[in-house]
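The following report concerns a single protein chain. Its surface, its fold and a few selected residues are described in turn.

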Amino acid sequence: SLFIGASGAGLAYSGAAPSNMYLRGENFQFNTPAATFTGNAQITVAGNNPLVTFQHQLTGYPTMILRGAAAQTAPVLQVEDSTQAVKTVIKADGSVGIGTASPASRLHVPWISGDTTTTATFGSNNASNNQIAIFAESRTNTGIYASSISGTGLAAVSASGRAVDAFGSGSGIGVHAASVSGPGIVARSA
């Protein structure tokens, strides 16, 4: 084991071969250009919030890069709760799953059984928010496809502008809303 910290010497190891490294103390700072861990490295950080903070000194570079292996099949990033249930995942192909470990599309946010809140919210009701909340464009297919078995397929509300503004150009459909027993589209402008 390799020990670095206040409880031992500045740098010392014990045992036949240093296979583990323990950092003991309050704060640690790497002043070298890079800290590199090779092999089957696992870093565990336990303590009070926040556990890890990344603060960048230069504005022209990313604060963090997660780089997968060539032809990687496992996720590049996986966020789990304390029971190791997956809450968010970024797959190697760039697909993002929020609330699912297996996103079925580029962005997959499923309804979770027992949810009593909205699955996703885009935009805000702030008076200064005058931008498009969702822009959906498809050159040869449907811009927005909404489907419901018993509720509303697509609901849109606007306080001052158009609730739904859809057009199809070329061979596609502007808005396709299907519902078995409820309204296909509900649009209201106050």
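This is a predicted model: local features need pLDDT of at least 70, side-chain atom pairs count only at pLDDT 80 or more; totals for chains, interfaces and linings use all residues.

Residues are numbered from 1 along each chain as its sequence is written, and side-chain values use heavy atoms, with hydrogens and water left out.

The average pLDDT (the predictor's confidence in each residue, from 0 to 100) is 74 for the chain, and 65% of the residues score at least 70. Over residues 7-13 pLDDT stays under 50, and the model has 14 contacts beyond four places in sequence for this segment; a contact means heavy atoms within 4.5 Å.

The chain contains eleven strands and zero helices. Strands (E, at least two residues) and helices (H or I, at least four) are DSSP runs, numbered from the N terminus. Of the contacts in the chain with a separation of 6 or more, 28% are between residues 24 or more positions apart.

Of the 190 residues, 7% count as buried. Buried means under 20% relative accessible area, exposed over 50%, and partly exposed in between (1.4 Å probe, protein chains only).

| Residue | Relative accessible area | Class |
|---|---|---|
| Ile43 | 59% | exposed |
| Gly123 | 48% | partly exposed |
| Thr100 | 14% | buried |

Ile43 is placed in the loop between strand 3 (21-24) and strand 4 (77-80). A nonpolar surface patch with about 860 Å² of accessible area together includes Ile43, Val45, Phe54 and Ile90. Patches are made of residues with over 30% relative accessible area and no salt bridge, like charges being joined within 9 Å and nonpolar side chains (Val, Leu, Ile, Met, Phe, Trp, Tyr) within 5 Å; a salt bridge is a side-chain nitrogen of Lys or Arg within 4 Å of a carboxyl oxygen of Asp or Glu.

Thr100 lies in the loop between strand 6 (96-98) and strand 7. Apart from neighbours within four places in sequence, Thr100 is in contact with Val86, Lys87, Val89, His108 and Pro110. A polar atom of the Thr100 side chain lies 3.1 Å from the backbone nitrogen of Ser102.

Gly123 is found in the loop between strand 7 (107-108) and strand 8 (142-148). Not counting residues up to four places away in sequence, Gly123 touches Asn129 and Ala133.

Definitions and conventions:
Accessible areas come from the Shrake-Rupley method with a 1.4 Å probe; for residues, only the protein chains shown count as cover. A polar contact is a pair of N or O atoms within 3.5 Å; within protein, one must be able to donate a hydrogen and the other to accept it, and residues adjacent in sequence count only if both atoms are side-chain atoms.
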